[in-house]
There are 2 protein chains.
Amino acid sequence: MPTADDQDSRTVLTDDEVRRLDAHWRAANYLAAGQIYLLANPLLTEPLRPDHIKPRLLGHWGTSPGLNLVHTHLNRVIRARDLDALCVWGPGHGGPSVVANSWLEGSYSETYPDVSRDAEGMARLFRQFSFPGGVPSHVAPETPGSIHEGGELGYALAHAYGAAFDHPDLLVACVVGDGEAETGPLAASWHSNKFLDPVHDGAVLPILHLNGYKIANPTVLSRLPEPELDALLRGYGHDPLYVAGDDPAQVHRDLAATLDRALDRIAGIQRAAREGGATERQPWPVIVLRTPKGWTGPAEVDGDPVEGTWRAHQVPLPGVRENPEHLRQLEAWLRSYRPEELFDADGRPVADVLACVPDGARRLGATPYANGGLLVRDLPVPSLDDFAVPVDKPGVTLHEPTRVLGGLLEQVMRDSAARRDFRLVGPDETASNRLQDVFGATGKAWQDATLPVDEHLDRHGRVMEILSEHLCQGWLEGYLLTGRHGLFSCYEAFVHIVDSMVNQHIKWLKTSRELSWRAPIASLNYLLTSHVWRQDHNGFSHQDPGFVDHVLNKSPQVVRVYLPPDANTLLSVADHALRSRDYVNVVVAGKQPCYDWLTMDQARAHCARGAGIWEWAGTENGGEPDVVLGCAGDVPTQEVLAAAQLLRRNLPDLAVRVVNVVDMTTLLPREEHPHGMTDFEYDGLFTADKPVIFAYHGYPWLIHRLAYRRTGHPNLHVRGYKESGTTTTPFDMVVRNDLDRYRLVMDVIDRVPGLRVRAAAVRQQMADARTRHHAWIREHGTDMPEVAEWSWGA
Amino acid sequence: MPTADDQDSRTVLTDDEVRRLDAHWRAANYLAAGQIYLLANPLLTEPLRPDHIKPRLLGHWGTSPGLNLVHTHLNRVIRARDLDALCVWGPGHGGPSVVANSWLEGSYSETYPDVSRDAEGMARLFRQFSFPGGVPSHVAPETPGSIHEGGELGYALAHAYGAAFDHPDLLVACVVGDGEAETGPLAASWHSNKFLDPVHDGAVLPILHLNGYKIANPTVLSRLPEPELDALLRGYGHDPLYVAGDDPAQVHRDLAATLDRALDRIAGIQRAAREGGATERQPWPVIVLRTPKGWTGPAEVDGDPVEGTWRAHQVPLPGVRENPEHLRQLEAWLRSYRPEELFDADGRPVADVLACVPDGARRLGATPYANGGLLVRDLPVPSLDDFAVPVDKPGVTLHEPTRVLGGLLEQVMRDSAARRDFRLVGPDETASNRLQDVFGATGKAWQDATLPVDEHLDRHGRVMEILSEHLCQGWLEGYLLTGRHGLFSCYEAFVHIVDSMVNQHIKWLKTSRELSWRAPIASLNYLLTSHVWRQDHNGFSHQDPGFVDHVLNKSPQVVRVYLPPDANTLLSVADHALRSRDYVNVVVAGKQPCYDWLTMDQARAHCARGAGIWEWAGTENGGEPDVVLGCAGDVPTQEVLAAAQLLRRNLPDLAVRVVNVVDMTTLLPREEHPHGMTDFEYDGLFTADKPVIFAYHGYPWLIHRLAYRRTGHPNLHVRGYKESGTTTTPFDMVVRNDLDRYRLVMDVIDRVPGLRVRAAAVRQQMADARTRHHAWIREHGTDMPEVAEWSWGA
């Protein structure tokens, strides 16, 4: 296919260069296969025996030769051009490959000195792979140079772009497997180039590896007619360069030439934008690499073709311990790499093998970009007092919490303008979520044409908006993992779209925290707003508070969940989240006008404790309360305070305590979460024996799941969202879910011993108010004035 | 742009036809705007006053004129060609539009007789929209003709393909919004055409509606340079046809001609395949429709451009009750449709408006394809006895449960071969999940080229494999919603990828069940396998049992969760799931060899109860047990039985009861779930006061969340998966998570009063066994023989 730049320099490797590259590739292939199979005899110094073979053969061979080929050639260009490069290995299940390359270049032994770069280390390298107590079968946090676990496919390209944003000198290569390319998130990720600023961002070089097969099927992209594939990639905004073949020498020559052409083009695009002021988005190169799956492995096993087919996906030769013919085949396969030419008698790679390997931090396994904690700087978070809302009395003034946070974020954007290490991502919802003040400091990243009617689009903007939660999440993960900061603002219901992605990120962080060489990175911060109680324009499909439940299943070392009840507590929580490391912080907060309850100082103290008694809201007087009203979340807090007010007015001698919970994990036992309260602390707030009516933002049983071990748990009665939703008014939503003030007062009357008789009239008043609501709303379509105009402190 | 078929007949509308189509479109636009704004005065028979306006202005205007345009023109071609058609409205937040069209064609009033097709009915139509107690703002189950809620964007095209599979005479139009087109699932969905069989499947006609903007931003696709967009769509395997403009008459002419060309091409492709035997995949037409967002609405509001911009997204004129100028603008806008020409004095649409409307079940709001329960037939599920594994004694023989299920599914495939109303979907995992026997009855759908090495690819196959859980889910939802059956087999960890999709489907089913006119459809059945305990090749990224927690947050009317412990119980559960209606059935079962515990008859009885005592496994003798061992899931069941055996041998006088739970919702109180046990039943199994050691497949706190109200809950001690995973052996996985037999015996000893002293030596033996495990596994990399060779019944 003709390409735009036939004037590009054509790299022509000498035979000697080909020989050396091939030696590196063969060495990597040998080491990858060795990891899958060998327990001993790593250099094949003696004939292969069954007892040299691992008892459990695990791992993924099929993708490994392709990854090795790319690694070998990236080595060459990094060295030749002195590049700062990172590679995202999409088919990260090919773990043996990336580990092999790291060992060859020496970064593995520097990270894990017991796995030395010699025969003894090679034996350890082989044995540990997929071995209990050893290293996992995939590229993982344990793998030097990695920021991407390639088990759950779909996110490689988004991670690569995240790594490239605001790293102008970085080249991020990204191997996209043709299996992964079928996923939705990957299919959407190609359009990330519409958001890549050639001035301030680095480059992403996707390498679409068409090895033709998934686990059991051909892949969609590998079987497209060639013109269709070419059109698709051009439609994605790329200029495709093709390399295909199964003759190693020729593929080496073609891939080297093609990589050089791609890098020349990238340099040209960057130069034009940075020096020439070019602003029109250019097609970035993509390399399409078509080589056989399981290349150089067994061509046939038991009469079935294996190399070049899906049968090469995992372990191409099974049962090697038991099957002498397979053992023979394995030995022939391993010896086909001629290990005696690749490693010296001590097992060290010979000079030819290492000829292409770059030095020091330029090595892909040693780049600090893949250990972002080495690069991260503290974010300049300004003083909260500059953004706090004044609160003379609780519950008098109203603010939109997220709008107040927007002011803080604007300042963070401003203060990080030169450093460019903070980004705000969201699916087209920054303004909808009322964070639009940030546009005072930066715009929305956008590289395509603009029209006069557009607002805040900015070729160099650091707000990222695309209608894909997957891309928001993937970009931000890549950005954080390479040493920067960010916040993901999302409609609460639709953050479930990235449930599986946050799973993987939490798993990554959990494992990383256990590795001393991985420096802590900035936390992944979610602001979930436009939440379940205030989806006024939408309805049932937009009502789902279950993300909190989802993340609380994950590692307590990593997960934090905050439900600030007002603007100042949101500021305090955000401040903490933005400064923290190695967490996933989930913050749920409203964008609608919400009463201000706490001054900034009170908010700081309350958030630091995570949960506390709001004395001013209760009616206890030094003694034990008769009942505790618990609340978590902005709407439940308002309903609880309205209920407390009703109780104060109607049952003035009832001792009511109001407890607000900001940090949900405080409800867990101390031994289950570092933020968990001791039983002494918990009982001090909630008592061990009094009825507790708890109004919670989400699914009510979550509170039971957190608190079931507490002494007072049998007295705990929780109200929350129970999937009763539609397009309706804010107060009707709480009534439908039995979370409203009147229902809460009735709950108190029903549960405080003796009160049901004594307060029967009050209870009836509450029931009447609910009836009145139903009648009013059907007639007027609005909330009745006693609710709409309610305040605590007026 | 030149297209391939300039010889296509060119539709030329007469002026009269244009006038009538335009009348229909104007009427629909008028009704859409009226729903958003008007509380009274629906026909504008008097000047508009503030009290005619709704107090809360809610809804999405921006997309509505485009949807109305498409609906008008689909009416025309359905009528002209007597088509069986269904439309999936991707921008389903444009609810007023689809409701308006249904009202115009009469299907709305037939479904909801109180909303009659006259002035009174129009007043109701307007008032009910987004009004408390009325209808939701989106296309929803309440909307006649709908199978798709367009709130959570991304799934329109997958739903459309699902509807088209195995409906050879159906045309499924699908409006894809350019916002939605940015999502991952939608981006992947374009490739669905590689799986559409032109012989047995109907056609999908995507209509990509580029109105240019999302909530606050231009869309990516609308700003692509035209050649890039064209290349993209051709790369997706489509032949794009373009319609663009803002002059209604011209757009009517162009769209009519283009729709006819598209339908001619579809007919041509189908004819070539069905009559001519053509087998090469052809590019299917896609229509690219470029019209302004909020077309015909206010051009400017308060000096800002609105029509044709993102500002038209929701309610273009806010505060109409309070702002006289906005009121005036609204009146002018509504009168611009000339309602007096469109509706007679009684509010009935005039003949010109209805000229394009098809008859009876051909109307988009009346098609039975959108009320799939009207079409669904009972699936022919064969007798389980033909597939059951023989069980003479429990725990002696081993079978792979999913492989046994594969035999049943093969028979279902065979028996539905002529009806073609059952499909199996999965992300390239049918064989990996050991269901490959189905290939004896049908192949894997595949329309592209095949090679000799391929297996089971079949142009007419009913197994659907693509490496996209989103597409598997979306296709299956569309298939079920249009009256067919299916099963989604998925790796357990990665089903989280569709968390948000299953949310939406459950919400859909919950609402549908409340609508008497919606007939029950076949359940959405998940088989989750390759589960957390047996991810031998992969590791931590593949270990996540949280989907059960996720679905159990949702409506109990809809959600069912089964963990069959062996092959025969899996058959029984699958039989129930395949016959059921309107549920989401989640079945978690292993693919690895697993002991057979129950005969087919025992399995049927056990599954019917949902939970029961396995007397043969316990040591109680008529009286009350000293301890209950509970289990749910195949691996926990095995560990519990091994623990029971250890207890029987080492503490023969301890009365141990073994309770196995298949149906997780039995643990819930009866009032919370229809399958929930009464307290009497629960206590009869688990006792009210004895220690219960419960070994659960997933996160242990789920059991507490289900059982916290039970009397015996304080004595309940649960073991399960606690995010301790890696690539390791099966037994090491249970040891790492404290779910192993030795740990369970220690738990029993620790919790039965007095036993800790009396059984100290046994406890030490158990601890020693765990130590032995650790040493063995580090040396050998396998499970020690006493575990690997264990059986219950030998």
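Two residues are taken to be in contact if their C-beta atoms, placed from the backbone, lie within 7 Å. The structure is a predicted model, in which local features need pLDDT of at least 70 and side-chain atom pairs count only at pLDDT 80 or more, whereas totals for chains, interfaces and linings use all residues. Residues are numbered from 1 along each chain as its sequence is written, and chains are lettered from A and ligands numbered from 1 in the order in which they are written.

Ala27(A) belongs to helix H1 (residues 15-37) of chain A; helices (H or I, at least four residues) and strands (E, at least two) are DSSP runs numbered from the N terminus. Apart from neighbours within four places in sequence, Ala27(A) contacts Leu104(A), Leu342(A), Pro349(A) and Val353(A). Ala27(A) is buried, having 27 other C-beta atoms within 10 Å, where a buried residue has 20 or more such atoms within that distance of its own C-beta. From Val391(A), Ala27(A) is separated by 364 residues in sequence and by 68 Å in space, C-alpha to C-alpha.

An automatic or database domain assignment divides chain A into domain 1 (17-370), domain 2 (384-595) and domain 3 (610-788). The centres of domain 2 and domain 3 of chain A, taken over C-alpha atoms, are 28 Å apart. Their contact involves 29 residues from domain 2 and 27 residues from domain 3 of chain A. On the domain 2 side, two or more residues each come from helix H17 (547-552), strand S15 (559-562), helix H18 (567-579) and strand S17 (594-595) of chain A, and S15(A) provides the largest share, three residues. This side comprises 17 nonpolar, seven polar and five charged residues; Ala, Val, Leu, Ile, Met, Phe, Trp, Tyr, Cys and Pro count as nonpolar, Asp, Glu, Lys and Arg as charged, and the others, Gly among them, as polar.

Between the chains, 96 residues from chain B meet 96 residues from chain A. Among the elements of chain B that supply at least two residues to this side are helix H7 (184-189), helix H8 (226-235) and helix H25 (760-780), while H15(B) gives the most, with seven residues. The side of chain B that touches chain A divides into 30 nonpolar, 39 polar and 27 charged residues.

Chain B is superposed on chain A by a rotation of 180 degrees with 0.0 Å of shift along its axis (RMSD 0.0 Å), fitted by least squares on the C-alpha atoms of residues with pLDDT of at least 70 in both copies. This is the relation of a two-fold axis. The C-alpha of Gly184(B) is the one in chain B nearest the axis, 2.0 Å from it. Because 100% of the interface residues of chain B are also interface residues in chain A, the copies meet through the same surface.

Terms used
Buried ≥ 20, exposed ≤ 12 C-beta atoms within 10 Å, placed from the backbone.
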